[in-house]
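Student: Please take me through a single part of this model at close range. Then set that part in its wider context.

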Amino acid sequence: MKALGLIAVLGTGLLLLAASRDFPNWGDPSSPASSYRLSRHFITQTINETAVPNMVTAVLADYRGYDTLFEAVVIFTAGIAVIGILRRYGNRDFIPAGGEVHLTPKQPDLIVESTVRLLIPVIQIFALYVIAHGHHSPGGGFQGGVIFGASFILLALARDLRTAQNWVAEKRMLILACCGILIYAGIGVLCQLLGENFLDYQILHRILPTDPVMARYHSILGVEIGVAFTVTAIMFSIYSNLSSNGQMKEGI
Amino acid sequence: MIIPAISAVLIALGLLFFIGGAVGILRFPDFYTRMHAAGKGDTMSMFAICLGLAVYQLQDPTPAHILVAMKILLIALFIMMTSPTSTHALIKAGFIEGLKMWRRKDRKEKS
């Protein structure tokens with residue numbers, strides 16, 4: 001049986017290796033992905049149409065803004081599902097298979113607390129930098145939001161969940177998550193109200209003091225901020241719910 | 001010519017410490033000694049490798065390259081702060097939970 005598995009694995013591996021020779025080379029200008037007219041349009045026209053030097057950000061938040069909006073909604077739904085399940089079923093006494101686990105209560109630790117106190121402001125400033133600098137370098141709402149959420153998780157790990165909850169209450173976090181989605185969808189609806197398609201940002205130059213190209217540039221930042229709100233809030237609320245079985249009391 | 005040589009020596013030194021850390025994790029007898037090898041080896045090697053990369057950036061000292069070198073040095077600084085702290089936290093957690101330390105006499109019982 002083992003030999004059969006080995007043969008199957010080796011056969012599949014050899015087939016994959018043989019197939020990989022048919023791939024175009026890295027950055028091959030004549031590969032189908034690069035020579036299709038859509039790619040050519042993005043590569044040559046992005047800077048003229050949106051003034052964003054980072055093509056990835058422009059495609060993510062402007063050309064396929066619909067997709068990104070519902071990516072943010074997927075994250076939001078995941079967070080709501082975790083809360084919904086754990087609040088309903090999490091307070092039953094949970095006993096793991098190997099009998100009950102007794103954790104020693106957490107003791108304050110000077111070294112860990114000092115390091116965390118030094119690091120958290122730096123992490124949060126870096127998160128804001130990643131969010132705001134997404135136009136020019138790799139980054140944006142999702143990445144910056146995860147970094148920002150990680151700073152709260154670090155606080156909850158280094159002190160305890162109660163301290164982190166005193167900083168940012170669960171309820172406020174969830175309101176923040178809803179606000180993020182509302183900012184994103186609101187920008188889209190605003191475009192509709194001004195007489196363009198949903199998420200077609202260039203019409204916003206009527207209310208922003210800029211021309212249509214810069215209106216797209218600034219709307220991308222607005223959208224990224226909305227995504228960052230949602231991701232930050234959902235990251236932290238998933239962590240705090242999972243680590244405390246939905247009780248929000250003790251936790252790890 | 002001299003700057004790439006310095007950076008190569010620093011990166012090679014870092015890789016040497018990495019090997020030390022990896023061998024330590026595999027060969028040492030218990031949790032505490034393994035964490036000792038992992039914490040010290042990884043911190044030192046990451047610092048040496050980051051320093052080597054920063055030095056390599058400085059062979060063409062335009063502002064853009066200096067900025068990259070500064071960013072790499074910042075990464076090194078944060079690793080110098082976080083890696084020993086996490087090692088400390090792990091070892092303290094093990095100590096509080098009453099994990100037994102390895103003694104010389106354990107070696108006979110094992111073999």
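Tutor: H10(A) has 32 residues. From first C-alpha to last, H10(A) reaches 47 Å, close to the 46 Å expected at 1.5 Å a residue (1.5 Å times one less than the number of residues). Helices here are DSSP runs of H or I of at least four residues, strands are E runs of at least two, and both are numbered from the N terminus. This is a predicted model, where local features need pLDDT of at least 70 and side-chain atom pairs pLDDT 80 or more, while totals for chains, interfaces and linings use all residues. Residues count from 1 along each chain as its sequence is written, with chains lettered from A and ligands numbered from 1 in the order written.

H10(A) covers residues 212–243 of chain A. After H10(A) comes A:Asn245, with a positive phi near 55 degrees.

Take its partner H7(A) next, residues 141–158 of chain A. The axes of H7(A) and H10(A) come within 7 Å. They cross at roughly 30 degrees (axes are lines fitted to C-alpha atoms, for helices over the stretch in contact, with angles from 0 to 180 degrees between N-to-C directions). H7(A) and H10(A) are therefore roughly parallel (under 35 degrees; over 145 is roughly antiparallel, 65 to 115 roughly perpendicular, the rest oblique).

Which residues touch? From H7(A) the contact takes A:Gly141, A:Phe142, A:Gly144, A:Gly145, A:Val146, A:Phe148, A:Gly149, A:Phe152, A:Ile153 and A:Ala156 (contact means C-beta atoms, placed from the backbone, within 7 Å). On the H10(A) side, the residues include A:Glu224, A:Val227, A:Ala228, A:Val231, A:Met235, A:Phe236 and A:Tyr239. By class, this contact of H7(A) with H10(A) has 13 nonpolar, seven polar and one charged residues (nonpolar: Ala, Val, Leu, Ile, Met, Phe, Trp, Tyr, Cys and Pro; charged: Asp, Glu, Lys and Arg; polar: the others, Gly among them).

H4(A), residues 55–63, also packs on H10(A). Here the angle is about 80 degrees, with the axes 10 Å apart. H4(A) and H10(A) are therefore roughly perpendicular to each other. A:Thr57, A:Ala58, A:Ala61 and A:Asp62 of H4(A) meet A:Arg216, A:Ile220, A:Val223 and A:Glu224 of H10(A). The contact of H4(A) with H10(A) divides into four nonpolar, one polar and three charged residues.

H5(A), residues 65–89, and H9(A), residues 170–193, pack at about 160 degrees with their axes 10 Å apart. H5(A) and H9(A) are therefore roughly antiparallel. H5(A) brings A:Leu69, A:Ala72, A:Val73, A:Phe76 and A:Gly79. H9(A) brings A:Ala177, A:Gly180, A:Ile181, A:Tyr184, A:Ala185 and A:Gly188. The contact of H5(A) with H9(A) has eight nonpolar, three polar and no charged residues.

Now the whole chain. Chain A has ten helices and zero strands. Its radius of gyration is 23 Å, well over the 18 Å of the globule rule for 252 residues, so chain A is more spread out than a compact globule (taken over C-alpha atoms; the rule is 2.2 Å times the number of residues to the power 0.38). The C-alpha atoms of chain A fill a box of roughly 65 × 60 × 40 Å along the principal axes.

Chain B has four helices and zero strands. Its radius of gyration is 18 Å, whereas a compact globule of 111 residues would have one near 13 Å. Its C-alpha box is roughly 60 × 25 × 15 Å along the principal axes.

Finally, the interface. Eight residues from chain A and eight residues from chain B make the contact. The chain A side has four nonpolar, three polar and one charged residues.

Technical notes. Two residues are in contact if their C-beta atoms, placed from the backbone, lie within 7 Å.
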